[in-house]
Every structure is written in structure tokens, then in C-alpha cells.
Amino acid sequence: METVILGQAEQTADGVLRRPRVQKNVTAAIAMEICADRYPSGTLLPRENDLCAQYNVSRTVIRESLKTLESKGLVRGKPRVGTTVCDKDDWNILDQQVLEWMGPNIANFDLLGCILEARRTVEPMAAELAADRATAQEIADLEKAWQDMRDSEGDIGRFTEADVNFHATLLKASHNQVFRQLSGIIHAGLKYSLQASNEAVETRDEAIAAHGELVEALRMRDRAAARRCSGHLLDLAARDLASALNDSKTR
């Protein structure tokens, strides 16, 4: 494996040599190796000295990185044994960083269906609350996200970014503190869930129309219509996600 150069000093404009803050990069690099199953559950990570050489950083950086990973349930360190990769069931999958580290490998963790189930529990109620509580600015933000979806012109990445923004804004517009926190926690997982469902269809006209109907229901302060529109959106997402997962199995 190639050495990843993360710890070299940088020279600033005033000529002072400074060591960049590399711990976050090293932590993410090790975490993504774990999430990609290059270090399977139950196996030992390389020794500290080997990790230092691999990432070209000090033992202090490696130790701090491993502490971070341990706090999120990915690894467990034991004296005279080393650092063992934990079972996936022990990982803190509600941690936004963990979801980001999973990245495109999230489909391998059977989380996309779980995320959809969580959305079915939360989003219709959030939409109903938003019909009462959303500010004019929040409704305008939702409409802007919907317009960005509509104007994406076949760019799936841009469409998905706008889609994620729409649903995160909807949770915030509920003005429920727990829902607002969830918008940050599930953001990364929602990104890959929506990416998978958006890629499964040739056109996204149905989704665009359904998001527009939800914006209109919120504008009219119609709680029942908002809940109904949210449910319809989730039905579409379930259909498209099932298609995406089926396609991945047949490849």
C-alpha cells in the first residue's frame, strides 16, 4: 500500500514552517479503510509504528486518531494486544462522521432500508408540523431547493444535493428540536440513500412534482395535505430504492 503523505510541514507567507492539522485526515483515512472492509471486524489494525510510517505522522497523531475511532465504536484498544476492529453492530451509525466515512459503501451495511424506515416514521409528522410552524423564509428555502431539483437537467449529483437540502430543511422547518437534530445526523446517510433511488429511474419528473405539491401544501398551511404529500414522496423513494437494490444484485 502506498504511503499517504499527510504530515509534511507547510511554509506560510511569512516564512514560518507550520505542521498542518492532520489528525482529522488520518482518522478519516483509517476509518474509510475499516468501512471498506480492508480491516474486517475482529482483525487487528497495523501496529502504531506501521501506521506512523504509512501515514507519515507521529505516534501522537495516530494515538489521537485511534481514540476518536474508539469513541465512535469502530475499534477497541487493549494493552499488549493492539487495536481490534469492532463488530459493525457496535458502531455508532447515528454519528454523522461515521456515515460519511461509510460513503458509497453504505449499501453494504444494510442501512439504506433502515434510513427509509426512519424517514417514514419522522418525515410525515415533520411535514405536518411544518405546515403550522414553518417561517416564510423556510418555505422559500424549500421552494428554492425544489426549483434546484427541477432545474438540475439530468445532473444526478446536483439533483441529489438539492433533494438532500429539501429534506434537511423540512426537518428544521418542523421546529421540533429532536427532528432538527436528526437533520444533521442523517444527512450523510440520506445523501447516499437518495443518490441510490435517484439513479434507479430514467426521469425524476414524479419526484419533482411530488416535492412541488408538498411546498404548496406548506404554503397553504394544510397539515393533512402536507402529511399526505410526504407519504407519497416516501412511497416513490421506496419504489426507486427497491429498484436500485435489485439492480445492484443483478450486476
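Reader: Which residues does Thr 169 touch, not counting residues up to four places away in sequence?

Author: In this predicted model, Thr 169 touches Glu 138, Asp 141 and Leu 142 once residues up to four places away in sequence are set aside. Thr 169 itself lies in helix H7, and it counts as buried because its relative accessibility is 12%, where the limit for buried is under 20%.

Reader: What are the buried residues of H6?

Author: The buried residues of H6 are Glu 138, Ile 139, Leu 142, Ala 145, Trp 146 and Met 149. They all fall on the same side of H6, because the arc they cover around the axis is only 120°.

Reader: What span should H6 have at 1.5 Å a residue, and how far apart are its end C-alpha atoms?

Author: Helix H6 covers residues 136-150, and its 15 residues should span 21 Å at 1.5 Å a residue; the end C-alpha atoms are 21 Å apart, which agrees with that expectation.

Reader: Back to H7, then. At what angle do H7 and H10 pack?

Author: Helix H7, residues 156-173, packs with helix H10, residues 205-219, at an angle of about 25°, and their axes are 13 Å apart. The two helices are therefore roughly parallel to each other, since angles under 35 degrees count that way. H7 passes H10 in a left-handed crossing.

Reader: Which residues in H7 and H10 meet?

Author: On the H7 side they are Phe 159, Asp 163, Phe 166, His 167 and Leu 170, and these meet Ala 207, Ile 208, His 211, Leu 214, Val 215 and Leu 218 in H10.

Reader: I also clicked on Ala 130. Which residues is Ala 130 in contact with, leaving aside its neighbours within four places in sequence?

Author: With those neighbours left aside, Ala 130 is in contact with Leu 170, Ala 173, Ser 174, Leu 218 and Arg 221. Leu 170 and Leu 218 are also among the residues through which H7 and H10 meet. Ala 130 is found in helix H5, residues 112-133, and with 0% relative accessibility it counts as buried.

Reader: How far apart are Ala 130 and Arg 221, in sequence and in space?

Author: They are 91 residues apart in sequence, while the distance in space is 8.3 Å from C-alpha to C-alpha. For the chain as a whole, contacts with a separation of 6 or more come 68% from residues 24 or more positions apart.

Reader: What is phi of Asp 37, positive or negative?

Author: Phi of Asp 37 is positive, near 70°, in a residue other than glycine. Most residues other than glycine have a negative phi. Asp 37 lies in the loop between H1 and H2, and its relative accessibility of 42% makes it partly exposed.

Reader: What about His 175, where does it lie?

Author: His 175 lies in the loop between H7 and helix H8. Its phi is also a positive value, near 55°, and at 35% relative accessibility His 175 counts as partly exposed.

Reader: Lastly, how many helices and strands does the chain have?

Author: The chain has eleven helices and four strands, and 43% of its 251 residues count as buried.

How values were computed
Residues numbered from 1 in each chain as written. Predicted model: local features only at pLDDT ≥ 70, side-chain atom pairs only at ≥ 80, totals over all residues. Heavy atoms only, no water. Expected span 1.5 Å × (residues − 1). Buried < 20%, exposed > 50% of the residue type's maximum accessible area, 1.4 Å probe, protein only. Arc of directions from axis to C-beta. Axes fitted to C-alpha atoms, helices over the stretch in contact; angles between N-to-C directions. Parallel < 35°, antiparallel > 145°, perpendicular 65-115°, else oblique. Left-handed = near helix turned anticlockwise from the far one by under 90°. Contact = heavy atoms within 4.5 Å.
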